[in-house]
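Got the viewer open and a selection box ready? Let's walk through this one stop by stop, picking things to highlight as we go.

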Amino acid sequence: MLALWNSQGFRRIFLQVAYVGGIFALIITCVAVARHNLDAQGISSGFDFLYKSTGWNIGFSLIDFKAVDPYWKVLMIGLLNTLFLGTIGLVLATIVGMIIGLARTSENDLARLLGTIYVETFRNIPLIVQVLFWYAVATRFPPVKQAYSFADSIFISSRGLYVPGLNVTGLAAFLAICALLLALGLIVWFSAANRFKRIEPNIRRKTRWLIFASGTAVAIGILYLGRIPETPLVSIPALKGLNFRGGIRLTPEFAALVIAIAIYGGGYIAEIVRGGFKAVGRGQIEASQSLGLNRFQIFTRVKFPLALRAMLPILTNQYVWLMKATTMGIAIGFTDFFMVVSISINQSGQTLELIGILMGGFLLINFTLAAVLNRINKAIALKGDQLRM
Amino acid sequence: MASVDYIPRKTVLQSLRDRYFSTLANTALTLLSAFIIGAIIWKVLNWAILGAVFSTQGGAEACRAASGACWSVITARWRLILFGLYPHEEHWRSGLACVVVVVMTVLSCLPRFWSGRAIAIIWVGGFLAFYFLMKGGILGLTVVEEAKWGGLSLTVFIFLATVLIGMPLSIVWALLRRSELPWISGTTAVIIDSIRSLPLLSILFTFAVVLPFVLPSWASGDKLYRVIVGMALFFSAYQAEIIRGGMQGVPKGQEEAAKSLGIAYWHRVSRILLPQAFKNALPATINQIVITFKETSLVIIIGFFEILASGNAAYGTGEWTFAFVEVYAFIALVYFVFVFSLSRYGAYLERRMAVSER
């Protein structure tokens with residue numbers, strides 16, 4: 001026996017089997033105990049509950065939902081809300097981050113100071129403190145009757161922000177935004193990827209316009225199809241009785257989350273942007289100056305493309321992080337995926353299945369996001385002999 | 001000679017013009033930035049100091065009349081925010097425990113204590129001192145159950161315990177992940193990557209709410225400790241990747257040399273690999289610790305009475321409901337002081353190491 005233990009080959013196999021086996025045993029024990037405990041409470045296992053009606057309503061939803069609708073629908077709405085919040089939050093955070101990041105790399109001391117103040121203030125305060133703060137601000141606006149109004153079409157009250165909107169379903173609006181984002185991504189990919197480099201500039205320009213135009217057309221088409229019948233196209237909010245009718249209502253929960261994510265994420269993205277611009281070699285800029293390019297051309301043709309390559313891998317991580325940060329909606333009652341799952345657990349008791357769905361959902365979102373961004377990164381990365389330092 | 005002596009010098013006015021007013025765009029940028037900075041300074045000064053009310057004498061009524069901040073809510077409720085539901089006459093213990101932690105953090109920032117043993121002694125000793133100060137039961141201190149802990153000291157306790165459990169765990173994960181045995185490294189990689197792609201909240205929720213179903217009742221323990229284990233697990237998954245990055249920076253020759261000298265695995269790891277790996281990973285580790293401190297605030301969602309929750313309670317009831325900005329500003333300041341100083345320290349270390357490697 002001792003001889004067997006002393007043989008390296010046996011030890012290797014033994015250790016691996018013990019490790020993997022131990023982890024599996026742990027998981028199986030946990031599931032078995034859970035089964036036993038849940039059976040004792042009279043909760044049957046399996047995914048049948050997905051087709052039962054929920055019996056409760058949901059706070060924020062892009063598509064119509066009634067209390068009689070089944071669980072799978074409420075989970076899908078949660079997922080959609082998370083994606084909706086995440087998409088808008090990411091876009092806004094990127095815009096804020098770009099502006100602050102450019103200020104941080106500016107040659108002007110005052111602009112740099114301003115950027116530094118922003119980054120150091122908002123990055124050093126936990127996101128949830130900021131979320132709760134903005135929520136407290138958002139719910140303390142005057143009640144509906146005394147709402148602040150701008151040009152009689154935008155209203156701010158304690159029940160949220162009312163803006164004029166198109167009479168379309170929320171789902172259609174979301175899909176239209178997705179179509180526009182997709183077109184934008186395609187344009188970036190087409191402009192930067194090496195495989196399209198050899199196409200003539202004239203045709204390249206035309207193709208870019210074509211992508212842009214078709215993206216816009218698809219978005220408009222989606223909006224047209226998603227129109228709510230027998231209403232004017234543009235709806236303007238107006239006070240009727242005790243509440244506003246028409247327009248788009250941004251709930252205080254949603255507004256607080258978007259603002260907090262944009263401000264907090266913007267601080268982090270600003271640092272990534274700054275790092276990207278710092279990575280652009282001084283020689284590159286001097287070379288383009290000596291070629292007689294003007295400042296705008298240097299920025300759009302030399303600095304930005306090179307900086308983007310340095311930024312994108314880190315930006316991917318940051319986006320995944322921000323996507324996960326949407327779960328903070330539960331702190332103020334925004335019905336994102338996480339909150340919907342946790343209400344479902346409370347109501348239905350199907351703990352294991354719902355936790356599995358929760359984890360699966362987030363793995364799916366984050367892996368997809370990372371895969372898409374890595375694909376773009378791979379397409380625009382410098383390859384082989386292009387790397388001359 | 002005369003021409004050599006003559007070097008045209010910029011006057012102050014000229015250099016100012018070059019830096020701030022060289023072009024029209026630059027001038028506009030300067031003026032805009034100066035305006036915004038001035039406005040921020042003026043507003044903050046006006047709100048926080050000039051127009052603010054500090055004493056509780058007039059009560060909430062005096063605050064409503066004032067133009068600026070109402071710091072009297074902090075004067076009136078600071079004990080609630082910092083100490084939560086901890087018994088009033090024992091507040092000095094909670095405060096002293098937080099001081100212990102500050103001393104401990106400062107000590108471990110000094111290079112003279114940078115050895116595995118010294119750091120371990122400081123942290124474990126500090127943690128035990130913190131725990132017994134808070135809990136009592138020895139030296140004639142009355143016992144205060146964990147359920148009554150709250151405010152800043154609860155935040156600090158969760159943070160300390162997370163790092164103390166998570167750090168050794170992360171070393172284990174990192175070693176397992178770079179194991180030569182494919183099944184061990186593969187399985188560990190899957191575990192680490194899965195934890196990293198989940199939101200911290202869902203892990204906390206699972207540990208707080210779901211675990212009692214999954215574990216036999218004798219093994220599930222107090223909710224506070226389950227949440228700490230969950231946070232430690234999350235921290236260790238991130239920290240393991242940082243340490244692994246540090247290990248990859250150790251030249252392969254080091255380990256080969258140690259092997260050829262016949263040094264056993266544990267000695268190789270503890271005396272050669274880990275010290276160098278930790279040195280490489282130090283800035284990233286400090287960054288991760290800072291992030292963990294900020295993430296501690298998430299436990300409010302699981303229903304703990306940490307500083308954010310006690311802050312909500314401080315303005316949430318009675319006469320102070322209008323003073324939420326001041327309370328959040330106070331909490332933000334507490335976080336800011338800790339996070340800002342640690343992250344500045346991390347940046348300083350990074351510069352110092354960059355110099356030493358030149």
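**Before you click**

What you have is a predicted model: local features need pLDDT of at least 70, side-chain atom pairs count only at pLDDT 80 or more, and totals for chains, interfaces and linings use all residues. Residues are numbered from 1 along each chain as its sequence is written, while chains are lettered from A and ligands numbered from 1 in the order in which they are written.

**Stop 1: chain A as a whole**

Along the principal axes, the C-alpha atoms of chain A fill a box of roughly 85 × 80 × 45 Å.

Of the 389 residues in chain A, 31% are buried. A residue is called buried if 20 or more other C-beta atoms lie within 10 Å of its own, exposed if 12 or fewer, and partly exposed in between, with C-beta atoms placed from the backbone. Contacts here are pairs of residues whose C-beta atoms, placed from the backbone, lie within 7 Å. Among the chain A contacts between residues at least 6 apart in sequence, 69% join residues at least 24 apart.

Now colour by domain: domain 1 of chain A is 9-42, and domain 2 is 71-144 + 251-382. Those bounds come from an automatic or database domain assignment. The centres of the two domains, taken over C-alpha atoms, are 38 Å apart.

**Stop 2: where chain A meets chain B**

Bring up both chains. The contact takes 40 residues from chain A and 40 residues from chain B. On the chain A side, the elements that each supply at least two residues include helix 2 (8-40), helix 5 (127-138) and helix 13 (351-380). Which helix of chain A gives the largest share? Select helix 2 of chain A, which brings 11 residues. By class, the chain A side has 28 nonpolar, eight polar and four charged residues. The classes are: Ala, Val, Leu, Ile, Met, Phe, Trp, Tyr, Cys and Pro nonpolar; Asp, Glu, Lys and Arg charged; the others, Gly among them, polar.

**Stop 3: the cores**

Next, select Ile128(A), Val131(A), Leu132(A) and Leu257(A), the residues with the most contacts inside the largest nonpolar core, which has 150 residues. A nonpolar core is a set of buried Ala, Val, Leu, Ile, Met, Phe, Trp, Tyr and Cys residues joined through C-beta atoms within 7 Å. Helix 8 of chain A (residues 252-278) gives the most to this core, with 15 residues.

Zoom in on Leu132(A). Leaving aside neighbours within four places in sequence, Leu132(A) contacts Ala331(A) and Ile332(A), plus Leu308(B) and Tyr328(B) from the other chain. Apart from that core lies another of seven residues, among them Val168(A), Ala176(A), Ala179(A) and Ala219(A).

Centre on Ala219(A), in helix 7 of chain A (residues 201-225). Ala219(A) counts as buried because 21 other C-beta atoms lie within 10 Å. Not counting residues up to four places away in sequence, Ala219(A) touches Ala176(A), Ala179(A) and Leu180(A). For a sense of distance, draw a line to Glu120(A): the two C-alpha atoms, 99 residues apart along the chain, are separated by 39 Å.

**Stop 4: two helix pairs in chain B**

Switch to chain B and select helix 7 (residues 116-135) with helix 8 (residues 151-177). They pack at an angle of about 145°, with their axes 11 Å apart. Axes are lines fitted to C-alpha atoms, for helices over the stretch in contact, and angles run from 0 to 180 degrees between N-to-C directions. In helix 7 of chain B, Trp123(B), Phe127(B), Phe130(B) and Met134(B) make the contact, and in helix 8 of chain B the partners are Ser153(B), Phe157(B), Leu160(B) and Leu164(B). That contact has seven nonpolar, one polar and no charged residues.

The second pair is helix 13 (residues 252-260) and helix 14 (residues 265-295) of chain B, packed at about 145° with axes 10 Å apart. Here Gln254(B), Glu255(B) and Ala258(B) meet Arg268(B), Ile272(B) and Leu273(B).

**Last stop: a loop residue**

Finish on Ile263(B), in the loop between helix 13 and helix 14 of chain B. Ile263(B) counts as partly exposed, with 15 C-beta neighbours inside 10 Å.

Key: Two residues are in contact if their C-beta atoms, placed from the backbone, lie within 7 Å. Helices (H or I, at least four residues) and strands (E, at least two) are DSSP runs, numbered from the N terminus.
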